Amino acid sequence: MTAAVGTRSPIRSSIGLKAVMAVTGILLVLFLIAHMLGNLKIFVGPTSFDHYAHWLRTIGSPVLPDTWYLWIQRSVLGIALVAHIWSATVLARRARAARPVRYAHRPKVQGSYAARTMRWGGVIIALFVVYHLLDLTTGDLNPVGDPRRPYANVAADFAPERWYVTLFYAVAIVTLGFHLRHGLFSAFRSLGQQTPRGERRARAVALGFSVALCAGYLVVPFAVIAGLVR
């Protein structure tokens with residue numbers, strides 16, 4: 001029995017799983033920031049946005065063929081997302097197993113809110129990622145679907161008559177915001193921000209970052225609907 005415990009992989013320990021969550025979470029958040037900033041280039045105009053999109057396809061050239069960097073990036077992000085979900089699930093199960101009997105004084109509403117946010121938020125975000133790839137990456141679900149015209153793809157995607165796409169996009173982004181807010185606040189608490197003043201700061205930073213990121217993503221589809229991007 002002792003030998004079995006001794007040979008257990010460090011990654012599968014609680015500390016290892018938290019490290020996996022932290023590293024993959026940071027990686028995903030950095031991508032979200034970079035992706036949001038790239039999206040905002042659409043307000044500079046079609047030429048600039050198309051040039052930026054085409055530049056992304058040529059990163060690594062001539063060492064890498066066109067689009068190889070993007071697919072490597074997507075593979076790494078996909079692995080990071082799976083690892084993030086896996087570590088979070090294992091940690092949540094261990095936490096429940098360690099407390100099989102609920103305490104009467106435990107704040108049920110707050111606990112259930114956090115659980116719903118992370119569980120259903122993860123499902124909605126995962127479904128959105130699949131749709132987003134089929135829509136603006138492969139072009140299978142896009143009205144234009146022309147890789148040579150990224151600006152036109154985005155403008156057509158969020159056209160007023162495709163309000164259901166914008167609605168799904170908005171729900172996914174807002175869900176992502178709740179997910180980030182809870183995740184960042186939990187991360188700050190893990191780093192020792194457990195005093196009343198520290199928790200207030202952690203909540204403010206987590207909320208501010210999540211709102212800013214959501215606004216950066218949502219401004220694009222609503223600008224298309226308003227006719228600012230056409």
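Me: How many cavities of 30 Å³ or more does the count come to?
Reply: The count comes to 1 cavity. A cavity here is a set of points on a 1 Å grid, over the protein atoms alone, where a 1.4 Å probe fits but cannot get out. This is a predicted model, where local features need pLDDT of at least 70, side-chain atom pairs count only at pLDDT 80 or more, and totals for chains, interfaces and linings use all residues. Side-chain values use heavy atoms, without hydrogens and water, and residues are numbered from 1 along each chain as its sequence is written.

Me: What volume does the largest cavity have?
Reply: About 40 Å³, taking volume as the space filled by probe spheres set on the points, with grid points joined across faces, edges and corners.

Me: And which residues line the largest cavity?
Reply: Phe128, Tyr131, His132, Asp135, Leu136, Asp157, Phe158, Val165, Phe168 and Tyr169; a lining residue has an atom within 4 Å of a point. By class that lining has 7 nonpolar, 1 polar and 2 charged residues. Nonpolar means Ala, Val, Leu, Ile, Met, Phe, Trp, Tyr, Cys and Pro, charged means Asp, Glu, Lys and Arg, and the others, Gly among them, are polar.

Me: Which helix gives the most to the lining?
Reply: H5, with 5 residues. Helix H5 (108–137) and helix H7 (163–190) each supply at least two. Helices are DSSP runs of H or I, at least four residues, and strands are runs of E, at least two, numbered from the N terminus.

Me: New topic: at what angle do H2 and H4 cross?
Reply: Roughly 140 degrees, and the axes of H2 (residues 14–39) and H4 (residues 68–98) come within 8 Å. Axes are lines fitted to C-alpha atoms over the stretch in contact, and angles run from 0 to 180 degrees between N-to-C directions. H2 and H4 are therefore oblique to each other; under 35 degrees would be roughly parallel, over 145 roughly antiparallel, 65 to 115 roughly perpendicular, and the rest is oblique. Their contact residues divide into 15 nonpolar, 6 polar and 2 charged.

Me: What joins Ser61 and Pro62?
Reply: A cis peptide bond, with omega about 5 degrees. Pro62 is in the loop between helix H3 (46–57) and H4. That loop also holds Thr67, which has a positive phi of about 70 degrees although it is not a glycine. Most residues other than glycine have a negative phi, and most peptide bonds are trans.

Me: How far apart are the end C-alpha atoms of residues 71–92?
Reply: They are 31 Å apart, and that stretch is 100% helix and 0% strand.

Notes: 1 Å grid on protein atoms, 1.4 Å probe; cavity = no way out; pocket = protein on both sides within 12 Å on 5 of 7 lines; lining within 4 Å.
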